[in-house]
Structures are given as C-alpha cells and as structure tokens.
Amino acid sequence: MEFVEYADSEMMMIDLADRLASELRAAIAADGRASLAVPGGTTPGPVFDTLSAIKLDWDKVHVMLTDERWVPENSERSNTGLLKRRLFTGEAAAAHYLPLYAEAERPEEKLEALQQALAPHLPLSVVLLGMGADMHTASIFPGADRLDAALHGDETLVAMRAPGAPEPRITLSAKVLNDAMRRHIVIIGAEKRAALEKAQGLSPEEAPVAAILKGATVHWAES
Ligand SMILES: O=C1O[C@H](COP(=O)(O)O)[C@@H](O)[C@H](O)[C@H]1O
C-alpha cells in the first residue's frame with residue numbers, strides 16, 4: 001500500500017482527479033477503452049467536480065459505482081444521484097453509465113441482469129474507493145449477512161444487509177476490486193486515518209478495507 005498525504009483536501013481532490021484522468025487516458029491508449037468505478041457517500045463530490053471538467057475521450061469510458069444503496073435515484077441517499085449531479089456534467093457527460101440500481105423492492109431481483117451488463121467492462125481499468133470510519137469499503141461492511149461472499153467469492157456483485165447500513169446494499173466484490181489495474185482509496189480526517197491504521201492489523205472480516213489494501217494508493221488529507 002502507498003500512502004499519500006496532502007496539505008489539504010482541496011489539493012488532494014485536484015491531484016487525485018488529474019491522476020485518475022491520466023490513468024484513464026493510458027487505458028484508452030492501450031485498449032481503445034477504459035472502465036472506471038467510483039464510490040458514493042460524502043467524500044468524493046469534489047473529485048467528481050474536478051474530474052468532470054477534464055478533457056479526455058469520455059465517450060470511450062464506462063463508469064460504474066463501487067456500490068449502491070438500494071434506494072430510488074431521487075433519494076438523497078442514492079449514490080447514483082450524486083454521480084449524475086457531480087460527475088456526468090461538462091466533459092464527462094459523454095461517458096457511458098453502467099447502473100448498479102434498477103427499480104425493484106429487493107436487489108436480489110436485479111442482481112443477475114446488472115451483473116451481466118458489467119461483465120464486458122471487467123477487469124476495471126481504474127477504481128476509486130471510499131472508506132467509512134467502521135472500516136467498510138464499497139458496501140462491504142463488517143457483520144454483513146453476505147460478507148464471506150463479498151470478501152472471498154467469485155461473484156461480480158453481492159447484495160447484502162448490514163447492521164451499519166440503513167438500507168440493502170449492492171456492492172462490487174473484493175475480487176473485482178482487486179482485479180482492477182489501478183486502485184485508489186480517498187479518505188479525509190484523523191478518525192479515518194486511525195481506522196485505516198487499525199485495519200492493517202485486523203482480518204478482512206473485522207475490517208473489510210484490509211482486503212483491498214495491497215497494491216492500493218491511499219490519498220489522505222486531515223481536512
Ligand atoms: O455508504 C457508503 O460509504 C462509503 C464511505 O462514505 P463516506 O460518506 O464516509 O465518504 C462510500 O465509499 C460508499 O460508496 C457508500 O455507499
């Protein structure tokens with residue numbers, strides 16, 4: 001794991017967006033196309049704002065979330081809603097979106113169809129992940145009902161419920177995240193830095209982020 005510390009989160013988001021854009025350009029140059037997975041939650045909005053304005057061949061990029069909360073897109077908890085407001089504007093509006101949500105009461109009803117749509121775009125060229133202070137990443141939560149499948153299974157997507165999550169979740173598995181060519185984690189604040197340090201001494205069952213740290217670059221700023 002590489003740990004990059006920044007003077008502040010504004011600089012971090014600009015630098016990170018530039019880095020993601022360079023990696024997407026390199027993937028397009030090598031393969032004629034690229035795939036990118038990004039997190040939801042409260043952290044990545046500013047990196048989306050910067051990335052969305054960067055010129056690259058966005059029409060050759062397929063974008064998906066690392067995970068989704070099973071709520072309609074107009075819910076303020078929808079990661080899809082965040083992506084549409086903050087990333088798919090400006091230059092990045094030309095990118096192709098691969099949804100992790102479809103209208104249904106339970107994620108299990110749509111899992112197979114969503115999974116099939118992702119398959120042609122794997123392995124991912126670039127993945128950006130967030131992390132919660134409880135050491136979950138994507139929607140791989142400690143104590144989740146399908147934690148074993150998400151950490152150790154071969155499936156692309158896993159639907160699950162977790163004590164720390166108010167709604168059902170759908171998440172890329174650790175296998176898909178670890179198969180990505182480039183993997184970045186973005187975190188802000190002393191609490192998350194302490195959680196990341198703690199995770200390095202724990203099992204992935206206790207600290208799911210530990211499952212994807214090897215080979216990842218962690219980007220951190222205090223505030
Ligand atoms: O629920 C989620 O949480 C994590 C971390 O979110 P943050 O608000 O602490 O940045 C996020 O990475 C994930 O995509 C999201 O669904």
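Two strands are taken to pair if DSSP finds at least two bridges between them. Helices (H or I, at least four residues) and strands (E, at least two) are themselves DSSP runs, numbered from the N terminus. The model is a predicted one, in which local features need pLDDT of at least 70 and side-chain atom pairs count only at pLDDT 80 or more, while totals for chains, interfaces and linings use all residues. Residues are numbered from 1 along each chain as its sequence is written.

Together with helix α2 (residues 45–52), β2 and β3 make a right-handed β-α-β unit. Right-handed here describes a crossover whose path from the first strand over the helix to the second runs clockwise, with the strands pointing away from the viewer. Strand β5 (residues 96–98) also runs parallel to β3, through three bridges, and here Leu98 of β5 faces Met64.

Burial is judged by counting other C-beta atoms, placed from the backbone, within 10 Å of a residue's own: 20 or more make it buried, 12 or fewer exposed, and anything in between partly exposed. By this count, four of the five residues of β3 are buried. Met64, which lies in β3 (residues 61–65), is buried because it has 26 C-beta neighbours inside 10 Å. Contact means that the C-beta atoms of two residues, placed from the backbone, lie within 7 Å. Beyond its neighbours within four places in sequence, Met64 is in contact with Ala37, Leu98, Leu100 and Leu118. His96 is 32 residues from Met64 along the chain, and their C-alpha atoms are separated by 8.7 Å.

The next topic is the nonpolar core, a set of buried Ala, Val, Leu, Ile, Met, Phe, Trp, Tyr and Cys residues joined through C-beta atoms within 7 Å. The largest such core holds 68 residues, of which Val126 and Leu177 touch the most other members. Helix α1 (residues 9–31) supplies the largest share of this core, eight residues. With neighbours within four places in sequence left aside, the contacts of Val126 include Leu20, Leu24 and Ala27, as well as Ala180 and Met181. Asn178 belongs to helix α6 (residues 174–179) and is partly exposed, since 16 other C-beta atoms lie within 10 Å.

Around the ligand, the shell consists of Pro39, Gly40, Gly41, Thr42, Thr43, Thr66, Asp67, Arg69, Asn79, Gly130, Gly132 and Ser139, each with its C-beta atom, placed from the backbone, within 6 Å of the ligand. One of these residues is nonpolar, nine are polar and two are charged. In this division Ala, Val, Leu, Ile, Met, Phe, Trp, Tyr, Cys and Pro count as nonpolar, Asp, Glu, Lys and Arg as charged, and the others, Gly among them, as polar.

Finally, some backbone details deserve a look. Most residues other than glycine have a negative phi, and most peptide bonds are trans. The bond from Leu122 to Pro123, however, is cis, with omega near 0°; Pro123 sits in the loop between α4 (111–118) and β6 (126–129). In the loop between β6 and α5 (147–152) lies Met135, whose phi is positive at about 75°. Ala138, found in the loop between β6 and α5, has a positive phi near 45°. Met135 counts as buried because of its 21 C-beta neighbours inside 10 Å, and Ala138 because of its 29.
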